[in-house]
Amino acid sequence: MREAVNLAGIVLKSSPVGEYDRRLVILTRERGKLTAFARGAKRPGNALMAASRPFVFGNFRMYEGRDAYSLASAEVKNYFTEIAADMEAACYGSYFLEFADYYGRENVDGTELLWLLYQSLRALLKPALPNTLVQLVFELRAMAANGEYTIHPPKPVSDSAAYAWEFIISSPLESLYTFVLKEEVQRELRECVGLNKRKFVDREFKSLEILREVAAHAPLL
């Protein structure tokens, strides 16, 4: 039997398989996005049940198989239960997980995308930060991490919006969510991020459609 590997990550997806198992998609720091099976995770009282949910962040002990991993145990660092309890935050968080799933790749270093996702989920829990701004920061930095961005905004904008754009692209991840923008500046940034998404992102996100409906009071998501 192969030796177990210990990987830090966040559960992006969890779906039932058979009567008792769950299939997980996990974004890991060491090996990028991978698929893992949690055997017996649907059985009441099973030790893997709590760790086999979206948003769970922690250290996962797994055995590598031919096509997927088998989850042996998990040391959960954060369940993000506060996000799950808030409908709007849950919609934003689900969109972030889906966006990370889109950009995640197998057998690559997933450090930047993982920590961006983690910091963005934490930012959703900060009352002083508008969720709409957290979304823009996450989208732009995720595209930048994948090399799909323009160094400067793709259309003429105010100095404040241009500075925000460059700050989001180049700042350390721990500094990303340390500012707020005036409404008109955020509107400019939203237009520019939207242009980037239309240029570089070639798919629609189901969770974004739900988010638009739930957060209809926040225009032009």
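## Around glutamate 98

Contact here means heavy atoms within 4.5 Å. Setting aside neighbours within four places in sequence, glutamate 98 is in contact with Arg203, Glu204, Phe205, Lys206 and Ser207. Glutamate 98 is part of helix H2 (residues 87-103); helices (H or I, at least four residues) and strands (E, at least two) are DSSP runs, numbered from the N terminus. Is glutamate 98 buried or exposed? Glutamate 98 is buried, at a relative accessible area of 15%, where buried means under 20% relative accessible area, exposed over 50% and partly exposed in between (1.4 Å probe, protein chains only).

This is a predicted model, in which local features need pLDDT of at least 70 and side-chain atom pairs count only at pLDDT 80 or more, while totals for chains, interfaces and linings use all residues. Residues are numbered from 1 along each chain as its sequence is written, and side-chain values use heavy atoms, with hydrogens and water left out.

## Helix H6 and its cover

Among the buried residues of H6 are Val185, Leu189, Cys192 and Lys197.

## The cores

A nonpolar core is a set of buried Ala, Val, Leu, Ile, Met, Phe, Trp, Tyr and Cys residues joined through side-chain atoms within 4.5 Å. The largest one has 51 residues, and those touching the most other members include Ile10, Phe96 and Tyr103. H2 gives the most to this core, with ten residues.
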